Amino acid sequence: MISENISLKPYNTFGIDVNAHFFSTFDSVEKLGQLLKDFQHVPLLVLGGGSNILMTKHFDGLVLRNEIKGIEVVSENENEVIVKSGAGEVWHEFVLFCIENGFAGVENLSLIPGSVGASPMQNIGAYGVEIKQVFEKLEAFEIETGTTHTFDNEACEFGYRESVFKRKLKGKFIITQVYFKLSKSSALNTTYGAIETELKSNGIENPTIKDVSDAVIAIRRSKLPDPKEIGNAGSFFKNPVIDESRFLEIRSKFPEAPSYPAGEGKVKMPAGWLIETAGWKGKTISKNEGNSEAKYGVHKNQALVLVNYGGATGTEIFDLSTNILKSISNKFGVELEREVNII
Ligand code: FAD
Ligand code: EPU
């Protein structure tokens with residue numbers, strides 16, 4: 001069924017109230033193909049959970065929400081298993097399926113909001129793991145030709161919060177199925193400091209896959225705002241990779257400045273530290289509109305997360321992000337890049 005002029009507020013975790021001219025869901029490739037035939041030459045936006053987008057205006061086109069479901073084991077041997085998931089599955093439900101079946105590899109990515117289909121878009125990552133480490137292949141529907149293509153790991157050109165689908169193939173394919181290669185022997189990754197600390201504080205010495213997942217969930221809940229309570233899209237910016245020489249200049253003024261190695265002559269800096277040090281953490285902007293007050297700003301526990309306490313427009317949040325970009329450039333000579341997709 002096609003809805004007309006509906007609010008997208010329930011479909012984006014920032015809770016921005018803009019309209020879609022046309023809106024529909026699809027739960028199969030056939031339905032998707034039919035919709036695209038019916039709406040040729042109409043601007044298109046595909047959504048999963050809407051947890052990595054900022055809507056800045058009404059969408060004068062067709063918004064399609066992916067609801068292709070189904071999780072199944074397609075092959076296995078003694079050590080490994082290939083699991084196929086419909087792109088419209090909720091990512092965390094897929095993680096729970098893997099944990100329940102003893103398949104290791106995605107437990108560090110527990111509780112990331114959104115759909116399985118969007119996970120390769122920005123090569124989701126957290127707590128020392130990115131999906132490219134467990135990604136086998138995906139199937140995607142080419143909008144122009146109506147044909148399905150397969151992309152293996154290399155073809156996806158994964159990088160830090162990047163893939164070919166965010167760059168040269170942007171807007172050309174709709175991901176319909178994703179295949180993951182998971183391990184039956186639990187080769188766990190607990191190298192990320194906070195996971196070890198969390199496991200130790202619970203007295204766990206030989207963690208199971210579920211223990212690692214529980215630790216990640218506890219850490220995430222303590223740091224990140226729940227979009228059901230406060231509108232947000234996770235980290236708004238990427239952590240910048242900069243020249244070591246620039247970092248040494250910053251460290252000469254701020255000896256406590258944190259950094260991580262990022263290849264020859266390069267370091268990655270936590271954008272959260274830059275934004276906090278520039279004085280933005282917890283900053284709240286209020287505006288009165290009619291009888292209601294809208295508030296938005298920078299989260300008080302995580303400076304990398306911009307938040308909508310209710311009533312903000314996408315443009316207001318976008319303008320706030322521009323002010324933060326300028327301020328970090330002026331103060332540190334570092335150019336931040338937005339991670340969230342601006343629409
Ligand atoms: P959407 O927001 O619906 O879409 C994102 C983009 O992908 C859009 O451009 C959309 O058009 C496109 N798209 C969506 N589905 C498809 C498809 N099937 N085919 C083609 N294009 C598609 N991300 C991390 O990497 N690590 C984290 O730790 C993390 N933590 C977060 C915490 C919070 C509280 C929040 C709100 C977000 C967090 N994110 C994190 C960001 C977000 O959860 C991920 O980017 C997630 O993969 C987005 O999925 P989605 O289905 O909501 O995508
Ligand atoms: N920091 C501050 N102040 C802050 C926030 C962070 O100083 O307000 C500094 C601290 O030095 C801290 C460091 O930043 O030690 C790292 O912070 P954190 O562990 O919270 O991680 P992050 O770098 O801010 C990244 C990802 C998250 C992911 C976590 C855990 C990016 C852009 N963000 O955040 O991903 O969950 O690591 O692995 O890489 C997302 O992409 O939406 C997302 C939430």
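How many residues of domain 2 are in contact with how many residues of domain 3? In this predicted model, in which local features need pLDDT of at least 70, side-chain atom pairs count only at pLDDT 80 or more, and totals for chains, interfaces and linings use all residues, side-chain values use heavy atoms, with hydrogens and water left out. Residues are numbered from 1 along each chain as its sequence is written, while chains are lettered from A and ligands numbered from 1 in the order in which they are written.

The protein is divided into domain 1 (3-66), domain 2 (71-183) and domain 3 (231-342), with bounds that come from an automatic or database domain assignment. Between the C-alpha centres of domain 2 and domain 3 there is a distance of 28 Å. Six residues of domain 2 are in contact with six residues of domain 3, where contact means heavy atoms within 4.5 Å. Putting these two domains together buries about 520 Å², and carbon and sulfur atoms give 36% of this area; buried area here is the accessible area (1.4 Å probe) that two parts lose on being put together, summed over both. On the side of domain 2, Tyr160, Arg161 and Lys166 lose the most area to domain 3, and together they make up 74% of what that side buries.

Two salt bridges are counted between domain 2 and domain 3, a salt bridge being a side-chain nitrogen of Lys or Arg within 4 Å of a carboxyl oxygen of Asp or Glu. Arg161 forms a salt bridge with Glu339, and the closest N and O atoms of this pair are 3.0 Å apart.

A side-chain N or O atom of Ser115 lies 2.6 Å from an oxygen atom of ligand 1, and a polar backbone atom of Gly48 is 2.8 Å from an oxygen atom of the ligand. Taken alone, ligand 1 exposes 980 Å², and the protein buries 93% of that, with accessible areas taken from the Shrake-Rupley method with a 1.4 Å probe.

Around ligand 2 there are 23 residues, the closest being Tyr127, Tyr160, Ser235, Glu276 and Glu339. A polar side-chain atom of Tyr160 lies 2.7 Å from an oxygen atom of ligand 2, whereas for Tyr127 a backbone N or O atom lies 2.7 Å from an oxygen atom of this ligand. Of the 820 Å² of accessible area that ligand 2 has on its own, the protein covers 81%.

Note on methods. Polar contact = N/O pair within 3.5 Å; in protein donor to acceptor, adjacent residues only side chain to side chain. Near = heavy atom within 4 Å.
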